[in-house]
Amino acid sequence: MREHIIPVVDVGLLRDRDPLGSREAARQIGQACKDIGFFYVRNHGIADGVISDTFRQAEAFFSLPLAEKMKFSMERHSRCFRGYAPVLSELADGKRNSYELMEFSVEFDDEHPDVVAGKPMHGPNLWPSLPGYRAAIMRYVASMNELGFDLMRGIAMSLSLPEDFFYDAFNERSFWQFRTTHYPEPQSVRQMAEYAPQSGPVSEIEIGDYSCGAHTDYGCLTILLANNPGLQVRNRDGEWFDAPAIPGAYICNIGDMLQYWTGNLFVATLHRVLTNQSRISLPFFFQPDYETVVQPFGGVTDIRLEDFPPLKYGPYAFEKYKGIYPNCCVA
């Protein structure tokens with residue numbers, strides 16, 4: 001497989017709000033978003049202990065017996081895409097993926113007005129009773145939200161927009177999604193599937209050829225850490241290349257929403273996962289607020305705005321999630 005270099009950006013000074021360092025990091029991020037849609041970040045400021053605790057808790061949950069994990073089944077116990085999904089129950093590229101996952105998003109209790117009103121994708125997370133589990137996940141999410149807003153500040157600067165453009169456009173909050181994902185060894189996938197046989201619409205769908213099929217992310221910015229390699233990216237010439245896990249660095253990619261927001265100036269790039277070893281990954285999807293309306297801003301590219309009608313993020317995301325979780329009963 002042909003080698004390709006994804007830029008590594010030092011974001012320490014961006015996070016410190018150093019003017020000169022911020023401009024240079026922003027320039028590098030913006031160029032990467034135009035060229036390949038992926039970039040690594042180092043000196044990201046996420047504490048080692050926060051990261052290791054999250055991996056440890058993810059491993060603890062996935063090590064539980066299937067019957068215990070199914071007590072948190074997204075399909076059975078959630079109406080807002082929170083909870084556990086076993087292998088071969090989530091889709092990419094129209095096919096079933098060979099991993100299990102635990103999905104989280106912004107917490108809304110059952111009495112919240114948006115939940116009472118039946119607003120899609122609003123509801124409570126499902127929390128295992130593992131000691132320290134919820135606290136570790138929420139510490140990680142809080143750290144990632146801070147990093148996400150700093151990276152979006154750099155992206156705004158690269159576009160000659162006000163630094164707080166995206167913070168304001170997000171209504172000062174992210175409708176984030178976070179999942180812990182476990183890719184079993186290939187020989188274990190069939191056995192795990194036999195213990196959790198699928199019914200309903202997903203059972204009629206073909207199993208993918210890859211651990212995770214080729215796709216672009218539908219949202220704004222994905223910030224990923226994994227404990228083993230497996231990620232592959234397709235360049236603009238249609239060639240696939242490995243994106244290695246670099247110690248101490250996150251790999252980031254932009255999604256369809258940011259490509260739309262920039263009038264196709266930035267590129268959301270196809271990627272997939274192929275691994276022959278156990279792999280845990282922590283993809284954090286940094287998304288606009290549910291109510292955010294997205295439309296390209298003037299002066300970035302020569303586009304016709306009528307080709308990019310205003311798009312409300314929440315309903316758009318809801319349709320995407322229904323597509324990747326066909327068995328879920330949702331509000």
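**Exercise 1. Which element supplies the largest share of the lining of the largest pocket?**

This is a predicted model, where local features need pLDDT of at least 70, side-chain atom pairs count only at pLDDT 80 or more, and totals for chains, interfaces and linings use all residues. Residues are numbered from 1 along each chain as its sequence is written, and side-chain values use heavy atoms, with hydrogens and water left out.

*Solution.* 

Step 1. On a 1 Å grid over the protein atoms alone, a pocket is an open set of points with protein on both sides within 12 Å along at least five of seven lines; a cavity is a set where a 1.4 Å probe fits but cannot get out; lining residues have an atom within 4 Å of a point. Grid points join across faces, edges and corners, and a volume is the space filled by probe spheres set on them. Helices (H or I, at least four residues) and strands (E, at least two) are DSSP runs, numbered from the N terminus.

Step 2. Locate the pocket. Its volume is about 580 Å³. The lining has 31 residues, and E90, R179, H215, D217 and F285 lie nearest the centre.

Step 3. List the elements. Two or more lining residues come from each of β4 (91-92), β7 (177-183), β8 (212-215), β9 (221-226), β13 (271-273), β14 (279-286) and α11 (313-324).

Step 4. The largest share, 4 residues, belongs to β14.

**Exercise 2. Trace the open sheet of 8 strands**.

*Solution.* 

Step 1. Read the order: β1-β2-β12-β9-β14-β7-β6-β3, with mixed pairing. Strands pair if DSSP finds at least two bridges between them.

Step 2. Find the edges. β1 (8-10) and β3 (83-85) each pair on one side only.

Step 3. Check one pair. β2 (residues 38-42) runs antiparallel to β12 over 4 bridges. Y40 stands opposite I251 in β12.

**Exercise 3. How do α2 and α7 lie relative to each other: roughly parallel or roughly perpendicular?**

*Solution.* 

Step 1. Get the geometry. α2 (residues 19-35) and α7 (residues 133-158) pack at about 80 degrees, with axes 8 Å apart. Axes are lines fitted to C-alpha atoms, for helices over the stretch in contact (heavy atoms within 4.5 Å). Angles run from 0 to 180 degrees between N-to-C directions.

Step 2. Classify. Under 35 degrees is roughly parallel, over 145 roughly antiparallel, 65 to 115 roughly perpendicular, and the rest oblique. The helices are therefore roughly perpendicular.

Step 3. Name the contacts. S22, R23, A26, I29 and G30 in α2 meet L151, R153, G154, I155, M157 and S158 in α7.
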